[in-house]
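Subject: Structure for you to look at

Hello,

Here is the structure I said I would pass on. Please open it first, then read the notes below beside it.

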Amino acid sequence: MKVEIANLSIAFPTPRGPSLAVRGVSLTLGSEKLGIVGESGSGKSLTARSLLKLLPPEARVTADRLAFDGIDVLTATERQMRSIRGKRAGLILQDPKFSLNPVMTAGEQIAEAWRLHRRSSRREAREATLDLLAQVQIRDPARVAGAYPHELSGGMGQRVMIAMMMAPDPELLIADEPTSALDATVQAEILRLMEDLVSRRGMSLILISHDLPLVSHFCDRVVVMYAGRIVEELKAAGLARAEHPYTRGLLACLPTLSHPQPRLATMTRDPAWMDGSS
Amino acid sequence: MSGRLRTLAATTASVLITLFGLTVVTFFIGRVMPIDPIVAILGDHAPPDVVARVRIELGLNRPLWYQFWIFFRNLIHLDLGRSVMTTHPVLHDIGRYFPATFELATAAMIVATLIGVPLGVLAAVRQGTRTDHIVRVFSLAGSSIPVFMLAMLSLVVFYAALGWLPGTGQVSVVYDGIAPRITGMLVIDAAITGHWNTFYNALLHLIQPALVLAYFSMAYITRMTRGFMLDALRGEYITTARAKGLSAARIVWRHAFGNIWVQLITVLALTYAGLLEGAVVTETVFSWPGLGQYLTNSLLNADMNAVLGSTLVIGVIYVFLNLLADVLYRLMDPRVR
């Protein structure tokens, strides 16, 4: 499995002409864990979703190349995309409160994903569902399977979401801010769970977040996006050697316990970053 | 469990209060109308002493609150008084006329739902496209054209000009009274007693008024369905469903529609209630022997007991359909269950 993105741009029409949300992003991904970091509106989510063609209908996508395992996503039909979505690449969204269907039980939603990509009986799907729920470390799979999303906590909901996306055993998992809506104590658990599953199944991971240290902890490689561009690409271990002033600025803003500061640094933005000419 | 009991008590109380309010308002509107029910009974030329006697017999000389008390007491015993026009008890009359209205409203409702809901879904799925615009104009027309106008236009075109459908009435005169009255709904009575000629004729008569009524309700149903669906389709869980690789049909019907049909039931119940009460104009244009026509005739004849009685019955139906929608909502939606 290989993801190739070359010179990807995504624009949205506005009354004052098209507005570019992603401007010329290029990156490749093999069997690895890639983190995409950036602030809200930096285009990280759009970039990842464009791979699955899950953008809002008004989005205009152009690219020299946008391919998933050799399949050209730009020209792929809806039918071809459906054979990628779920089956080969899963997507985990931010808040299970909104991303799980409120009128279907957790079990129904997982079983649906399971059955879609394998021809199996209801009973097999039910057993697989319970097994998947156990794999995401839910202690009482039978109860959770019968519960509606509003009866589950955020962490539980996100486990259900992960189980659902793991069901077809995809090669790539895209996690779009998977822990931003969760309590701090649950965040680490969910990320560890995800990392564990990804490593054990030999899957690739794209982890989107605005939390730079967190991402570098779980990924092999990190790209930093700003205003629709990639401004820096680093090995996760080399975070301290970041060169771009934006990345350095972000890191400087972080409070640390070992070196308490009376006043936290704030970000001073250089308009030149917008053009990517720094 | 106590929470559920409390909800039940609160619902019952609110229904009772609504019904009482309905009775009060209906009664006093009936009394402040500048119509003298005695003139309606005796005619213009009755001698004054007779008028005075009837006034005392009917209790119209008593204070208004006392008259209301009598009315309310009788109402509790399901006695709505006698109709001056038909000389029958009002409740008996309503039992006679209501089935025809029920038949018409139900036929219209079925058509309106079967067309309106899919059209609304279609418009939402194709939002902003030509299909959407056509559906919206079509449904806007339905809610803008007055029903009597549409009814008469339809008669002019399909009855007078084209001759495709029979004109007014529930059935042609030759078939009148042939099928025995069981439910009061002619199409059904004719079908279960095997009077197929009557059945066919009555069905043809039903088509026009039912379609006119249906068009009006369909417009509303379509717009509401479209709105609900647009909301649902914007949900994050739709993105999840797409990311799973589900087919468009499954996303639309299982995931989006699955989230709105409970809300939709409320809309349908209220529309149905509106049809049961609001068929007055259509029934008049099509000479449909239903409650609407009974109410209109009673009004024109200043038959106050009949007017009060029919208004109350319509109000009660409305309140109970509302209640039914509420209960269904609570039973069906996992989020409020």
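**Notes on the two chains**

Chain B has 14 helices and zero strands. Helices and strands here are DSSP runs, numbered from the N terminus, with helices being H or I of at least four residues and strands being E of at least two. The C-alpha trace of chain B spans about 85 × 60 × 40 Å along its principal axes.

Before the details, note that this is a predicted model, in which local features need pLDDT of at least 70 and side-chain atom pairs count only at pLDDT 80 or more, while totals for chains, interfaces and linings use all residues. Residues are numbered from 1 along each chain as its sequence is written, chains are lettered from A and ligands numbered from 1 in the order in which they are written, and side-chain values use heavy atoms, with hydrogens and water left out.

**Helix packing**

Two packed helices are described by the angle between their axes and the distance between the axes. The axes are lines fitted to C-alpha atoms, for helices over the stretch in contact, and angles run from 0 to 180 degrees between N-to-C directions. Angles under 35 degrees count as roughly parallel, over 145 as roughly antiparallel, 65 to 115 as roughly perpendicular and the rest as oblique.

In chain B, take helix α5 (residues 90–125) and helix α13 (residues 291–300): their axes come within 7 Å and cross at roughly 135 degrees. That angle makes α5(B) oblique to α13(B). On the α5(B) side the contact (heavy atoms within 4.5 Å) is made by B:Val90, B:Asp93, B:Ile94, B:Tyr97, B:Phe98 and B:Thr101, and on the α13(B) side by B:Leu291, B:Gly292 and B:Tyr294. These residues divide into six nonpolar, two polar and one charged. For the classes, Ala, Val, Leu, Ile, Met, Phe, Trp, Tyr, Cys and Pro count as nonpolar, Asp, Glu, Lys and Arg as charged, and the others, Gly among them, as polar.

In chain A, helix α4 (residues 106–117) and helix α5 (residues 122–135) have axes that come within 9 Å and cross at roughly 115 degrees. This makes α4(A) roughly perpendicular to α5(A). By class, the contact of α4(A) with α5(A) has seven nonpolar, two polar and three charged residues. Among those in α4(A) are A:Ile110 and A:Trp114, and α5(A) brings residues including A:Leu132 and A:Leu133.

Helix α4(A) also packs with helix α7 (residues 154–166) of chain A, at an angle of about 20 degrees and with the axes 8 Å apart. The two helices α4(A) and α7(A) are therefore roughly parallel to each other. A:Ala106, A:Gln109, A:Ile110 and A:Ala113 of α4(A) meet A:Val160, A:Ala163 and A:Met164 of α7(A). This contact has six nonpolar residues, one polar and no charged.

**Where the chains meet**

The size of an interface is often given as the accessible area lost when the parts come together. Between chain A and chain B the buried area is about 2,100 Å², of which carbon and sulfur atoms give 57%; the area is taken with a 1.4 Å probe and summed over both parts. In chain A, the residues that lose the most area to chain B are A:Arg82, A:Val103 and A:Glu112, together 24% of what that side buries. The contact takes 29 residues from chain A and 19 residues from chain B.

Three salt bridges are counted between the chains, where a salt bridge is a side-chain nitrogen of Lys or Arg within 4 Å of a carboxyl oxygen of Asp or Glu. One of them joins B:Arg254 to A:Glu108, with the closest N and O atoms 3.7 Å apart.

**Other points**

Over all chains the structure holds 23 salt bridges. A:Glu195 forms one with A:Lys33, the closest N and O atoms being 3.1 Å apart. A:Glu195 lies in helix α8 (residues 184–201) of chain A and A:Lys33 in strand β3 (residues 33–38) of chain A, so this pair ties together parts that are 162 residues apart in sequence.

A:Gln137 is not a glycine, yet has a positive phi of about 60 degrees. A:Gln137 sits in the loop between α5 and α6 (141–145) of chain A.

Regards

Notes
Buried area is the accessible area (1.4 Å probe) that two parts lose on being put together, summed over both.
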